[in-house]
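Open the model in your viewer and keep the selection panel at hand. We will go from one selection to the next, with a short note on what to look for at each stop.

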Amino acid sequence: MEIDRSIFSLDDVVGDAAMMCEPMASAKGLALMVQVDPTVPRYLIGDPLRIGQVLFNYLGNAIKFTSHGKVALDIRIETAGVAGVMLRFTVSDTGIGLTEEQQAKLFQAFHQADSSISQKYGGTGLGLAIAKQLAELMGGGVGVESRFGEGSTFWFTVLVQAAPEDPFSATMEKVADPEREHVPTKEKPPGFAGMRVLLVEDDPTNRIVAVGLLERVGLTVDVAEDGGMAVEMVGKTEYDLVLMDVRMPNVDGITATRLIRKRKDRADLPIIALTADVVDKQDEVCLAAGMNDFISKPFRPSQLYAVIRKWGTPGKWRERIVTIPTPPEGVA
């Protein structure tokens, strides 16, 4: 994995993560709270995509394992010096909590607190291992504090540099609230009214997030929980675009795409891979299977909308319907 260095707005990164998580928090009746310390620079130099990925992973897990109460994000400066600013992101919840033994194993790949948690809530635990790797690549670290049955507090740190204040003044707006207690209001993306999309995703939490993002811009969304169901639904319904998770039980996204491509009447159906894999050349595998494009999870809403705009055409399938004219009177 490579780490990028570019100027970015912290408010945009936090806003995107909160916007993606808000639908699943709302569905569970949870309060999602965001607090950015006023001393944190508004514009930074670092890797906004990777920071957003770790942040989304933390917020998503907190919401997943919390049945009532709230999830709170706090961002503040841990240290500042010649090397840069060490930012600390803290996500606290009122969820199920963890024992000390469970905490010690959490950031290992494919490990969750115990098998019963995996069966009830889903997931493999790979996300936290990747979060740890990303945080360390960005000069920081990760950690957790928890009491079983009372909730958890996960944190990660990243080393960034302060950028000139308001470097994008011509195209970006500042947040009016000086305390920065609220996520900035972002311009609503252009609608995609008339498009019917199939979302293929086995993880319940990811489904809630994706459906919320898709429906808010006017898309009609159907959901398949695995590749086998997707193949069946594509055979029965004419979709304008398919968003296909790659790693799924039973029939995975690669196999499902190959099966769909065997149908001549679906040869031009845009299929976009949703992949959390960090394996090299994963994009080549997706394209070779017949997918048109791919985006990495967790993605920013703007990335999702951009790929839909690139490949989706509202009503494309309906345009292919041929209307047979009524023959002139007297013609057999």
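Begin with helices α1 and α2, whose crossing is right-handed; a crossing gets that name if the near helix is turned clockwise from the far one by less than a right angle, and is left-handed if anticlockwise. Select residues 10-27 for α1 and residues 48-64 for α2: the two pack at an angle of about 25°, with their axes 9 Å apart. Axes here are lines fitted to C-alpha atoms, for helices over the stretch in contact, and angles run from 0 to 180 degrees between N-to-C directions. α1 and α2 are therefore roughly parallel to each other (angles under 35 degrees count as roughly parallel, over 145 as roughly antiparallel, 65 to 115 as roughly perpendicular and the rest as oblique). Helices (H or I, at least four residues) and strands (E, at least two) are DSSP runs, numbered from the N terminus.

Now show side chains where these helices meet. On the α1 side, pick Val-13, Val-14, Ala-17, Met-20, Cys-21, Met-24 and Ala-25; their partners in α2 are Pro-48, Ile-51, Gly-52, Leu-55, Phe-56, Leu-59, Gly-60 and Ile-63. Contact means heavy atoms within 4.5 Å. Coloured by class, the contact of α1 with α2 has 13 nonpolar, two polar and no charged residues. In this scheme Ala, Val, Leu, Ile, Met, Phe, Trp, Tyr, Cys and Pro count as nonpolar, Asp, Glu, Lys and Arg as charged, and the others, Gly among them, as polar.

A word on what you are viewing: this is a predicted model, in which local features need pLDDT of at least 70 and side-chain atom pairs count only at pLDDT 80 or more, while totals for chains, interfaces and linings use all residues. Residues are numbered from 1 along each chain as its sequence is written, and side-chain values use heavy atoms, with hydrogens and water left out.

The axes of α1 and α6 come within 8 Å and cross at roughly 110°, so the two helices are roughly perpendicular to each other. This crossing of α1 and α6 is right-handed. Select Met-19, Met-20, Pro-23 and Met-24 in α1, which meet Thr-205, Ile-208, Val-209, Gly-212 and Leu-213 in α6. By class, that contact of α1 with α6 has seven nonpolar, two polar and no charged residues.

Next, centre on Gln-53 in helix α2. Is Gln-53 buried or exposed? At 8% relative accessibility, Gln-53 counts as buried (buried means under 20% relative accessible area, exposed over 50%, partly exposed in between, with a 1.4 Å probe and protein chains only). Setting aside residues up to four places away in sequence, Gln-53 touches Leu-134, Ser-296, Lys-297 and Pro-298.

Move to Leu-44 in strand β3, residues 43-46. Leu-44 is buried, at 0% relative accessibility. Beyond four places in sequence, the contacts of Leu-44 include Ser-6, Ile-7, Phe-8, Leu-87 and Val-160. Draw a distance from Leu-44 to Pro-164: the pair is 120 residues apart in sequence and 8.1 Å apart in space, C-alpha to C-alpha.

Another helix pair comes next: select α7, residues 227-236, together with α8. They pack at an angle of about 20°, with their axes 8 Å apart. That makes α7 roughly parallel to α8, and their crossing is right-handed. Gly-227, Val-231 and Val-234 of α7 make the contact with Ala-256, Leu-259 and Ile-260 of α8. These residues divide into five nonpolar, one polar and no charged.

In the loop between β10 (241-245) and α8 (253-261), pick Asn-250. Asn-250 has a positive phi of about 65° although it is not a glycine, and it is exposed, with a relative accessible area of 71%.

Finally, show the whole chain and colour by pLDDT, the predictor's confidence in each residue, from 0 to 100. The mean pLDDT is 80, and 79% of the residues reach 70 or more. Confidence is highest in strand β5 (residues 84-93), at a mean of 96, and lowest in helix α4 (residues 115-121), at 44. Over residues 317-328 pLDDT stays under 50. Where pLDDT is low, the predicted coordinates should not be read in detail. The chain has 10 helices and 12 strands, and buried residues make up 50% of its 332 residues.
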